[in-house]
Amino acid sequence: MRGLIFSIALISVFFIACKNQNAKTSEVVEAESGENLDIETAEIPSSEVLLGTYFKASGTEPFWGMDIADNKIELKTMSDTIITPHVEPVRAMDANLKRYRVVTEAVVLTVQISKNNCTNAMSGEVFPYSVTIDYKYTGEENMHKLEGCGYYTTHLETGCYAYNNNGNALLFQVTDVSHEVYGRLKYSYHEKDENIGNFRGRLYRDKLLGTFSFISEGIESVREVAFLVKQDTLIEGFGALDETGTAFKFRDSIEFTSKTPMVKTDCK
């Protein structure tokens, strides 16, 4: 049923002359506020990145559909298609509210995503996010307002993923899954020091890559980590490291062969 509203909107668009509000960004709001690490996640070469949609939303009265992708925000209404560059969202401190705001030469667009259950007025389907959109074209005084529901397309979900066996305990608490992924990682191997810290990264198809920042023996360290997302399981990847010993030398050669797979479980 998630595709129903999008299909209706797309069919309408084919029969109505559309104007494409595609313009160079003149102003954007800086992202993201909140408890973020002061560490940049290393960029994956563009040839390895899937510029796909990671959030979908739709609404009725009037019908509309929206895709947020790594490289654009696309809003389709019954009479128009608006495409803007992608911007990072401004996040509320509790991570339950995100706001995208784009100002181009042609349009001002604000998208607010709230983490609370939302019911589609036509299908009755319940979605995990409610969405509010405000936009206006250059020269207009009043905003157009749209309301609806949405969901993230990734299979990775927030919550806890754990492994505990033979004296080894691993825990990955994923706290936020959107354009970027945030969480807490804990490695506790038998007869080794325990490492606990913050994770920040991004999804590339079914691969999760990012930085793990932790303190070990009083020293702050950062290293790159990678996981294969396989249904409700995270499998860690290993590969040759660069000269710093903290990042993968060849990301396309990472092998996901961990013998300690972390399975989704209840957070304690």
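Colleague: Which residue is the bridge partner of Phe212 in E19?
Modeller: Arg223 is the bridge partner of Phe212 there. This is a predicted model, in which local features need pLDDT of at least 70 and side-chain atom pairs 80 or more, while totals for chains, interfaces and linings use all residues. Residues are numbered from 1 along each chain as its sequence is written, and side-chain values use heavy atoms, without hydrogens and water.

Colleague: What makes E18 and E19 a pair?
Modeller: Strands pair if DSSP finds at least two bridges between them. E18 (residues 207–216) and E19 (residues 219–230) have 10, in the antiparallel sense, so they qualify. Strands themselves are DSSP runs of E, at least two residues, numbered from the N terminus.

Colleague: Why is strand E16 called mostly covered?
Modeller: Buried means under 20% relative accessible area (exposed is over 50%, partly exposed in between; 1.4 Å probe, protein chains only). Six of the eight residues of E16 (residues 181–188) are buried, so the strand is mostly covered.

Colleague: How do you know that E16 pairs with E15 and with E17?
Modeller: Eight bridges link E15 (residues 168–177) to E16, and seven link E16 to E17 (residues 195–204); both pairings are antiparallel. Val177 stands opposite Val181, and Gly183 opposite Phe199.

Colleague: How many residues lie in the hairpins on either side of E16?
Modeller: Three join E15 to E16. Six lie between E16 and E17, where Glu191 in the turn has a positive phi of about 60°.

Colleague: In what order do the barrel strands close?
Modeller: The eight strands run E14-E15-E16-E17-E18-E19-E20-E21, with antiparallel pairing. Neighbouring strands are turned by 30° against each other on average, direction ignored; axes are lines fitted to C-alpha atoms, and angles run from 0 to 180 degrees between N-to-C directions.

Methods. Helices (H or I, at least four residues) and strands (E, at least two) are DSSP runs, numbered from the N terminus.
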